[in-house]
Amino acid sequence: MEVIRFGKMKNQSYTMKESLRALKTNIQFCGDDVKTILITSAVPNEGKSTVAMDLARSLTESGKRVLLIDTDMRKSVFIGRLRAASSSGGEICGLSHYLSGQKKLEDVLYGTEIPRLFMIFAGPSVPNPTEILEKRYFSELLQFGREHFNYIILDCAPIGAAIDAAVVAKQCDGAILVVAQGMASARLILNVKKQLEASGVKILGAVLNKVKMKKNSYYGSYYGSYYGKEDNAEA
């Protein structure tokens, strides 16, 4: 298996690490039947991809094997943000290659320099992401993930901007909604929640992101809590 190297990794503050620890603990207490977890947001730029990556890293630190899948085939950010490069120097193939039948699973599954973290990148943008996510290849991918990993984290396109996340949610054990302070309206967030519920997925909770916190203030944890400190990541 080819290994991906990252040219840039985000430093985590103490507050962020504590919030991640609380998030991870709450997920683990959801039960061992919750293995496939969707991460989405209402609108773009709320930091969902940052949360997905940081959660995956945090889970590996507990000894878990984690597969992080980028299903955002509309506006993926992982390769550029992480300055990811394959060990061979070749093209990084991704989910859109696999779902369209151009590549086999072993061609798009990568190890990373982070122990126990494996990734499938989004691949090139496609005009019909919702359609190809409904193909049997995606179901087979998730079944493979359940058999070989402790957790599968799926970074999805904002559900308020596209229906891809609702399609993915049908095959997931749980969903986490990332909400950036001051970004989406309460009405939109409630509509997004209803869309997820209509897919049949269990909503595990929400992460409040990009919070402007006063010095020494209480940073909270999961379920509508503070995540990080003025996290300016875009996703």
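Modeller: Let me start with strand 8, which has buried residues on both faces: Gly174, Ile176, Val178 and Ala180 lie on one side, and Ala175, Leu177 and Val179 on the other. Buried here is under 20% relative accessible area, exposed is over 50% and partly exposed is in between, with a 1.4 Å probe and protein chains only. Strands (E, at least two residues) and helices (H or I, at least four) are DSSP runs, numbered from the N terminus. This is a predicted model, in which local features need pLDDT of at least 70 and side-chain atom pairs count only at pLDDT 80 or more, while totals for chains, interfaces and linings use all residues. Residues are numbered from 1 along each chain as its sequence is written, and side-chain values use heavy atoms, with hydrogens and water left out.

Colleague: Why is strand 8 said to be largely enclosed by the rest of the structure?

Modeller: Because seven of the seven residues of strand 8, residues 174-180, are buried.

Colleague: And which strands pair with strand 8?

Modeller: Strand 2, residues 36-41, runs parallel to strand 8 and is joined to it by five bridges, with Ile37 standing opposite Gly174. Strand 9, residues 203-209, also pairs with strand 8 in the parallel sense, over six bridges, and there Leu177 stands opposite Ala206. The chain gets from strand 8 to strand 9 through helix 9, residues 186-199, in a right-handed β-α-β crossover. Two strands count as paired if DSSP finds at least two bridges between them, and right-handed means that, with the strands pointing away from the viewer, the path from the first strand over the helix to the second runs clockwise.

Colleague: What about Gly182, buried or exposed?

Modeller: Gly182 counts as exposed because its relative accessibility is 77%, and it is found in the loop between strand 8 and helix 9. The C-alpha atoms of Gly182 and Arg5 are separated by 35 Å, and these two residues are 177 apart along the chain.

Colleague: Changing topic, which strands pair with strand 6?

Modeller: Strand 3, residues 66-70, pairs with strand 6 in the parallel sense over four bridges, and Leu67 has Phe118 as its bridge partner. Strand 5, residues 110-112, pairs with strand 6 in the antiparallel sense over two bridges, where Tyr110 is partnered with Met119. Strands 5 and 6 form a hairpin with four residues between them, and Arg116 in the turn has a positive phi of about 75°.
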